[in-house]
Amino acid sequence: MATPDTTKKDQMQEAILYPLDWIEERSGLVGGVKYFLFRKVPGDINWFQTLGSATLTAFLVQALTGVILAMYYKPDPKDAYTSIQHITNDVFAGWLVRGMHRWGASVFIILMFMHMGRVFLFGAYKYPRELNWILGVLLLVMGMLEGFSGYLLPWDQTSYWATVVGINLNGTAPFLGPFLSQFLQGGTSINADTLARFYSIHMLMIPGAIMALIGLHLYLVIRLGVTSPPWSKEAAGTGPLAKAPMNGGRSGLTRPGPRKDGRG
Amino acid sequence: MADSRLIERRRVFQQYKADVKERGKPFFPFAMWHDTIMSFVVVVVIIGLAIVWRYTTPGNHHSTAAGWLGKLYDAPADPGTINFVPRPDWYFYFLFYLLRIFKWPESVILGTIGIPTLCLVLLLAMPFIDVRLERRLLRRPVALIAAILAVASMGVLTYRGATAKEALGVENLALVPKWAVKEGYVGKPQPIAGAKLFAVAGCMNCHTYNGAGTSYPGAPDLTAEGAKGKGIAFQIAHLKNPAAVNAGSPMPSFAGLGEARLTSLATFLEASKGKK
């Protein structure tokens, strides 16, 4: 028979665990988070391998500051410039949010390149992580497109004319060029709709694509694991490969076991 | 051959999974702690840049003058302006400067489309070009050299793009009398008015003329433009809508200058027959 003290403790535990169990039973999310947190990574991973999560942090800063800027920014050639001035000079901490967005973009792009450099130097794009390298390159392209589409939004002389020439340069591409520049401008030249179009591309289209790509990118990181630094003495995967698995190492990958034809 | 390589790769990955299972450590808290510190540093750096951007801007922190990190904002966009500098954000400088290398109209497509597309395709294809399992850098000489070349060339292009001088309208204006002597339109008011306009209207941020100005997205040298015999009407039509007359031209429209000034510019261009 339990003392009243233990009963109280049990009830407390029950009250905390019940909602978690409820969620777990219906979604499996608790198990998923546990797996994410307590999955094993090689014991010798390095500070350079924090660049990926640093890039993610920079993206989250962009997303958060971008949402706040969108509350005040007006994507119309008549009001865009004055709304930027308003954000910078009048809105509480507006200068900080705009400054973080402006310079966060540079930090995001630098970190993407550094992260890519790390993956290259570690040879971490090799089998079976080729697909994640491709997703990363696509993310890099999307990030650069964010830089291009966001640059026009302040609607000042520098941004306007850089974008005019940028769009015209897109237009020189064979076959697709003219369609691309027409799509970007929303017409045959920069007009009143162009700014709203860039705004939509900058805050809906590309960020949506980036979030989806980041989701896939992280899924593959968790599924395939991170590599050991190649110079490490106890790098994972370099152990004695004395006995080759009978099924060619496929188990746990695409097939559950040996193939029927025995070629394996 | 290819099959044995496939088996080898799979075996190494199985070994990796076994090694991580056996000797690895959980992501939380060890690795996650490092990630958290790094993320914190990133946020602090971003906030720091925002503070420096604002508080080094002269004039009560809301002028259009440049602080350490550049202007808070430039003058409002004016499509009818006559002087502008098309300059992208700094992380596009390597592409921007690539365009200045390919100055000739026939090769400009290499700078705008050719080389960037090739680099992107190579980047995407990397895991399929380099299929060896070797990950140690010193045993991957080709990859090492390619990486050094890529970093060096992007660094140099970015630096050159950042330090590229724009043609200053005032400096160009001082050259007009010299041009008039060289090109033989001394004392003719209309070509000289056109030349002055040419000097200050931003033309020379892309075109060169008698050795002055900068060459950008393959814009041709205009020293001997008049010798081509295109005629004033063509020049005006071209200035109004370059791409309509010269398909695929990246030059922006100068229709905002108005008929009278466009006529002066066209007369000036037609009077430029090159050095005698």
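This is a predicted model: local features need pLDDT of at least 70, side-chain atom pairs count only at pLDDT 80 or more; totals for chains, interfaces and linings use all residues.
Reader: Hi! Let's start with the contact between the chains. How many residues does it take from chain B and from chain A?

Author: Happy to! The contact takes 67 residues from chain B and 75 residues from chain A.

Reader: Which elements of chain B give two or more residues to the side that touches chain A?

Author: They are helix H1 (2-23), strand E1 (25-26), helix H2 (27-55) and helix H4 (108-129) of chain B. The largest share comes from H2(B), with 16 residues.

Reader: And how does that side of chain B divide by class?

Author: The side of chain B that touches chain A has 41 nonpolar, 10 polar and 16 charged residues.

Reader: Nice. You mentioned H2(B). How do the axes of H5(A) and H2(B) cross?

Author: They come within 8 Å and cross at roughly 120°, which makes H5(A) oblique to H2(B). The crossing of H5(A) past H2(B) is right-handed.

Reader: Which residues make that contact?

Author: On the H5(A) side there are Trp95(A), Leu96(A), Gly99(A), Met100(A), Arg102(A), Trp103(A), Gly104(A) and Val107(A). H2(B) brings Val42(B), Val45(B), Ile46(B), Ile47(B), Leu49(B), Ala50(B), Trp53(B) and Arg54(B). Sorted by class, the contact of H5(A) with H2(B) has 12 nonpolar, two polar and two charged residues.

Reader: What about the strands, do E1(A) and E1(B) pair in the parallel or the antiparallel sense?

Author: Strand E1 (residues 40-41) of chain A pairs with E1(B) in the antiparallel sense, over two bridges. Val41(A) has Lys25(B) as its bridge partner in E1(B).

Reader: Back to H5(A), then. How does it sit against H6(A)?

Author: The axes of helix H5 (residues 94-121) and helix H6 (residues 130-151) of chain A come within 10 Å and cross at roughly 160°. That makes H5(A) roughly antiparallel to H6(A), and H5(A) passes H6(A) in a left-handed crossing.

Reader: Which residues meet there?

Author: From H5(A), Ala105(A), Phe108(A), Ile109(A), Met112(A), Met116(A) and Val119(A) take part. They meet Trp133(A), Gly136(A), Leu139(A), Leu140(A), Gly143(A), Gly147(A) and Gly150(A) in H6(A). The residues of this contact divide into nine nonpolar, four polar and no charged.

Reader: Then what is the phi of Ala93(A)?

Author: Phi of Ala93(A) is near 60°, a positive value in a residue other than glycine. Ala93(A) has its place in the loop between helix H4 (80-89) and H5 of chain A.

Reader: Last one: which domains does chain B have in the assignment?

Author: The domain assignment gives domain 1 (26-76), domain 2 (84-164) and domain 3 (169-271). The C-alpha centres of domain 2 and domain 3 of chain B lie 33 Å apart.

How values were computed. Residues are numbered from 1 along each chain as its sequence is written. Chains are lettered from A and ligands numbered from 1 in the order in which they are written. Two residues are in contact if their C-beta atoms, placed from the backbone, lie within 7 Å. Helices (H or I, at least four residues) and strands (E, at least two) are DSSP runs, numbered from the N terminus. Ala, Val, Leu, Ile, Met, Phe, Trp, Tyr, Cys and Pro count as nonpolar, Asp, Glu, Lys and Arg as charged, and the others, Gly among them, as polar. Two strands pair if DSSP finds at least two bridges between them. Axes are lines fitted to C-alpha atoms, for helices over the stretch in contact, and angles run from 0 to 180 degrees between N-to-C directions. Angles under 35 degrees count as roughly parallel, over 145 as roughly antiparallel, 65 to 115 as roughly perpendicular and the rest as oblique. A crossing is left-handed if the near helix is turned anticlockwise from the far one by less than a right angle, and right-handed if clockwise. Domain bounds come from an automatic or database domain assignment.
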